[in-house]
Amino acid sequence: MATVTELKTVLKDTLEKRGVLGYLKARIRAEVFHALDDDQEPRPPLSHENLLINELIREYLDFNKYKYTESVLMAESGQPVVPLDRQFLIRELNAFEESKDNTI
């Protein structure tokens with residue numbers, strides 16, 4: 001018969017492999033940040049430059065499948081939920097897109 005310690009280890013490993021443990025940790029972090037965030041003190045307005053920087057960070061996180069980190073960024077930054085149009089970002093940053101792999 002398995003010990004409690006063995007069962008805990010198997011459960012933890014299973015949750016890690018399924019990505020559930022990472023999701024739960026990220027949600028807890030986001031909720032803690034939200035609880036600690038002083039709603040009485042308004043967040044400074046999001047400047048155009050910070051909007052673009054945050055969007056680039058969001059694209060990086062999305063590309064690397066860092067969904068939980070992205071959710072914390074969105075909760076803390078005040079970035080619009082709907083991502084900015086990729087073509088808009090390219091124009092604003094005076095960048096060009098590699099046609100073969102859609103990277104900037």
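With which residue's side chain does the side chain of glutamine 79 make a polar contact at 3.1 Å? The partner is glutamate 55, a polar contact being a pair of N or O atoms within 3.5 Å, of which, within protein, one must be able to donate a hydrogen and the other to accept it, with residues adjacent in sequence counted only if both atoms are side-chain atoms. The model is a predicted one, in which local features need pLDDT of at least 70 and side-chain atom pairs count only at pLDDT 80 or more, while totals for chains, interfaces and linings use all residues. Residues are numbered from 1 along each chain as its sequence is written, and side-chain values use heavy atoms, with hydrogens and water left out.

Glutamine 79 is located in the loop between α4 and α5, helices being DSSP runs of H or I of at least four residues, numbered from the N terminus. When residues up to four places away in sequence are not counted, glutamine 79 touches Leu46, Asn50, Leu51, Asn54, Glu55, Arg58 and Met74, contact meaning heavy atoms within 4.5 Å.

Helix α3 comprises the 16 residues 48–63 and reaches 23 Å from its first C-alpha to its last, close to the 22 Å expected at 1.5 Å a residue, where the expected span is 1.5 Å times one less than the number of residues. Its buried residues are Leu51, Leu52, Asn54, Glu55, Arg58 and Leu61, and the elements that cover them include α4 (67–77) and α5 (86–92). Just after α3, lysine 65 takes a positive phi of about 60°.

Helix α2 (residues 20–36) packs with α4 at an angle of about 10°, their axes lying 9 Å apart; axes are lines fitted to C-alpha atoms, for helices over the stretch in contact, and angles run from 0 to 180 degrees between N-to-C directions. The two helices, α2 and α4, are therefore roughly parallel to each other, as angles under 35 degrees are classed. Gly22, Tyr23, Ala26, Ala30 and Phe33 of α2 meet Tyr68, Val72 and Glu76 of α4 in this contact.

Methods. Buried < 20%, exposed > 50% of the residue type's maximum accessible area, 1.4 Å probe, protein only. Parallel < 35°, antiparallel > 145°, perpendicular 65-115°, else oblique.
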